[in-house]
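Here's a quick tour of a two-chain model. Have the viewer open and follow along.

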Amino acid sequence: MAILHKEATKALLQKVLSFSKADECEVSLRGTEGGNIRYARNAISTAGDISTLTLSVTSSFGKRSGTATINEFTDDALKRVVARSEELAKLAPENPEYMPLRGPAEFKDAPGYVEATANMTPDDRAEAVAKSINVAKEAKLEAAGFIENTTGFNAIMNSKGLFAYDTDTNVVFTITTRNSAGTGSGFAGRGFNDFRKLDTHEATRIAAMKANSSADAKAIEPGKYTVILEPIAATYMLENMFRGLDARNADEGRSFMSKPGGGNRIGEQLMDEKVTIYSDPFHPELPGPTWNRDGLPLEKTTWIDKGVVKNLAYSPYWAQKKGVQPVPMPSNIIMEGGTASLEELIKSTEKGILVSRLWYIRLVDAQTLLLTGLTRDGTFYIENGEIKYPVKNLRFNESPVIMLNNVEALGKTERSVSIESYRSFMIPPIKVRDFTFTSLSDAV
Amino acid sequence: MKRRDFLHLTGMGIGAGILAQIPVLGKAIPLETPWHTVDVARKKELADIALEAARSKGATYTDVRIGRYLNQFVITREDKVQNVVNTESYGIGIRVLANGCWGFASTDDLSRDNIARTAALAVAIAKENSRLITTPVELAPQKGVGEVSWKAPIQRNAFEVPIKEKADLLLSVNDAALKGGANYIGSYLFLVNEQKYFASSDGSYIDQDIHRIWPTFDITKIDSATGKFERRSALSAPRGMGYEYLMPNEAEKIHGITTLYRNRYDMLEDARQGAAQLGQKMKAKSVEPGKYDLVLDPSHLWLTIHESVGHPTELDRVLGYEANFAGTSFLTLDKWESKKFNFGSPIVNIKADKKQPGSLGAVGYDDEGVPTQEWDLIKNGILVNYQAIRDQAHVIGLDHSQGCCYSQSWSDVQFQRMPNVSLQPGKQRMSPQDIIKNVERGIYIVGDGSFSIDQQRYNFQFGGQLFYEIKNGQITGMLKDVAYQSNTQEFWNSCKAIADERDYRLGGSFFDGKGQPEQVSAVSHGSSTARFNGVNVINTARKI
């Protein structure tokens, strides 16, 4: 029941709209099916299968709107949810920023659905976990990991005739291996639309290698260092910046994208010219949704071009107020890289630190996008182009905007996953100078 | 909602995007119908179907949670109500032990046949996974408590307060901040009601009604000439209370350099003061980095307690079950076994508690049907205990669970979550002013801000909302760009003064995240104002 096909979805949403008495009505449906296994201490701890289907109805009378959601699908329930959203709308004050719904539009199909992932069974998950645990046991390490696969669909329809539908699949795998003395820890994270690309054996092997090579780390003085961020580390750092690509916050003067004295930084050289960041839902390695909740199509959009801010997202309301076309927020992010491998980046480094992963990143100052967080699961000192020894974890205070001004070199872009949101990105390994570490941590 | 998402939506002031980040599951609450609860006899009947079905399939233990979870969110910015969202989620979660292994399944289809099918599925999962466990689950005994109920002692059910009244309050708050010179404000009201029914094969049938409320705001002021901006969040605390929390009461206020709140919150006053303080903050001196004696108000200290005491004393982290996500803990079992691990200075006494009235963690029974308790975690500075549930109690030699099991909904499996963890007030009569007057070079910090801590809970960094410089026992003015970094053990050993119980207040987290898939829980942390000597302060100002 959780995954409805396009025609069945259309019929259901048309039925819901037929119950509407509002000036405007928008209905959306989201269904997901999937499962997960969690393991720790080389044994499964919990496992589950989850299936959800939720209908959301937003009704508007003039500029008053209300939203109600339901997970029952009888005719009576559908009538009730429409009536409730109308009741809420009548109680709500007028929203001066209300934007009329958009009419019919054509959207290209989203390429993010892979049958092999949709067909995953609990056995497939157990098999993937068994492979991972075996690697850890052979390496005499303790594994803790998580695998989760999801198949989902999204649809919207409104009283002006707009209809959009897409499906997607996703599998995320994260693995931590630790030695029994608690002196070494390694991690790997993977995210794919296609389950067949996931190799839990290979990922666990990398985590195990990091665990063994990070043992008995030495302390170094905090300070400014040349740093190579592996894609998993860079992704988590930059994800915090991607969220801020919003014109309204910038124009209102409360974002790192605000221009001192007013307006935003579009057109400004904000980063090193090696930095180009774009979104493209049709990217073969990172497919994304092709439309958004405002009923706008998503196309390839360049956000940072050779360090210059090219675009910020404009909601329909803000675009109208500023007299520009709406620019939807991106549904994926690709950062262009170079041709160097990670090994080549290390080889070209006289003195520096290789960072495998970052942890617990939080915003310190919105003005400069200053972030704090720590290294985790493998931090290594590089000298004369070679990894010399593991170093203890370090806390950093650094802004990704400042960091992208200090880029020395970029490696090959690869698909990477955020360790907090589990969203996938295309990010290269990044070598930067003057990355600021402010204290040491005893954590392993 | 994941904590991260919530921080993002309030922290970044993204306004219209707010709803996209709140997982609105379940059906809308009917406005026209009263806030009825599901009949207890009906819930017992459904639970018994699950218990019997699981037993007949081979479960050696079963618990059943039938939950009706209501949320209401009122979201405003400046002069606009952006949205009002009502959600309801109702269903059943069945957890079983079979072949010594846990199995879990949940459903929102409460027909008799489907409940029996779901129970059978939970048993099948347990049997399937039992091949991949290393030791069978060992449950601490828990006698059945029979048919009992527990209700949060609220005075006014916030769900029954008309939406207009709530929207009007938030719009007045916004108006006060804007009149006070703020450029932008977002204000929010979050309400939760958990109607939870628990039944187990031990013979417990427990009906509980739990309420939580969190009013909060985020104000921004911009200097258009320089492009600099400053922000101030509310000094409210999320509470396990009804709408009475929002009824101001002079007796519950502490007047000082800024007004602080005990068990009643004056949101209008806080917004007015917040807007004025932003003007001062913009002119404030940027902090000189170095060592300072910190005087930390409970509206700030709760978060430091949460991160540096609450999380590392979670037994599942100590044992490695969170290694792949939240991390492990520096408070390893050998430190506890030594009975002399010096966590903090001798005046540091920290209790775990699931009973404190008005707190977020207060319930009658946890999600394993264990009656709630209070116990010491840190006694006279020494680590003496952890937080455990039924399948962990034996690890620390307990013959009973400490009642720390929780699940965010009927659809998720319950696991070990933090009880309220609170610093006990000082035993000597002492006010925050008494503490400040003895500080030569220090900073008084009010309100919680940025926070980050490593995966074993050694190294942390915290910001705040308001920073006041203390020189020779006097507050001399406001500072900005302040964050402090320390190591948990060093920090708590530098605790040299704690104000007495007159100053004791609760703070808390509404959306504490843990587990994979991530679940949120709500937890309070109480303290009185406390002094920490010689803490490293950094300057966070940068230029882009």
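## Ground rules

This is a predicted model, where local features need pLDDT of at least 70, side-chain atom pairs count only at pLDDT 80 or more, and totals for chains, interfaces and linings use all residues. Residues are numbered from 1 along each chain as its sequence is written, while chains are lettered from A and ligands numbered from 1 in the order in which they are written.

## Where A meets B

Chain A puts 82 residues into the contact and chain B puts in 69 (C-beta atoms, placed from the backbone, within 7 Å). On the chain A side, the top contributor is strand β2 (residues 43-61), with 9 residues. That side of chain A splits into 28 nonpolar, 33 polar and 21 charged residues (Ala, Val, Leu, Ile, Met, Phe, Trp, Tyr, Cys and Pro are nonpolar, Asp, Glu, Lys and Arg charged, the others, Gly among them, polar).

Strands here are DSSP E runs of at least two residues, helices H or I runs of at least four, both numbered from the N terminus, and pairing takes at least two DSSP bridges.

## A sheet in chain B

Chain B has an open, antiparallel sheet of 4 strands, ordered β14-β13-β12-β17. β14 (382-383) and β17 (420-423) of chain B each have a single partner strand, so one side of each lacks a neighbour in the sheet.

Between β12 (residues 350-353) and β13 (residues 374-379) of chain B there are 4 bridges, and Lys351(B) sits opposite Asp376(B). Helix α6 (residues 298-310) of chain B packs on this sheet, touching β12, β13 and β17, with its direction at about 110° to that of β17(B) (axes fitted to C-alpha atoms, for helices over the stretch in contact; angles from 0 to 180 degrees between N-to-C directions).

How values were computed:
Contact = placed C-beta atoms within 7 Å.
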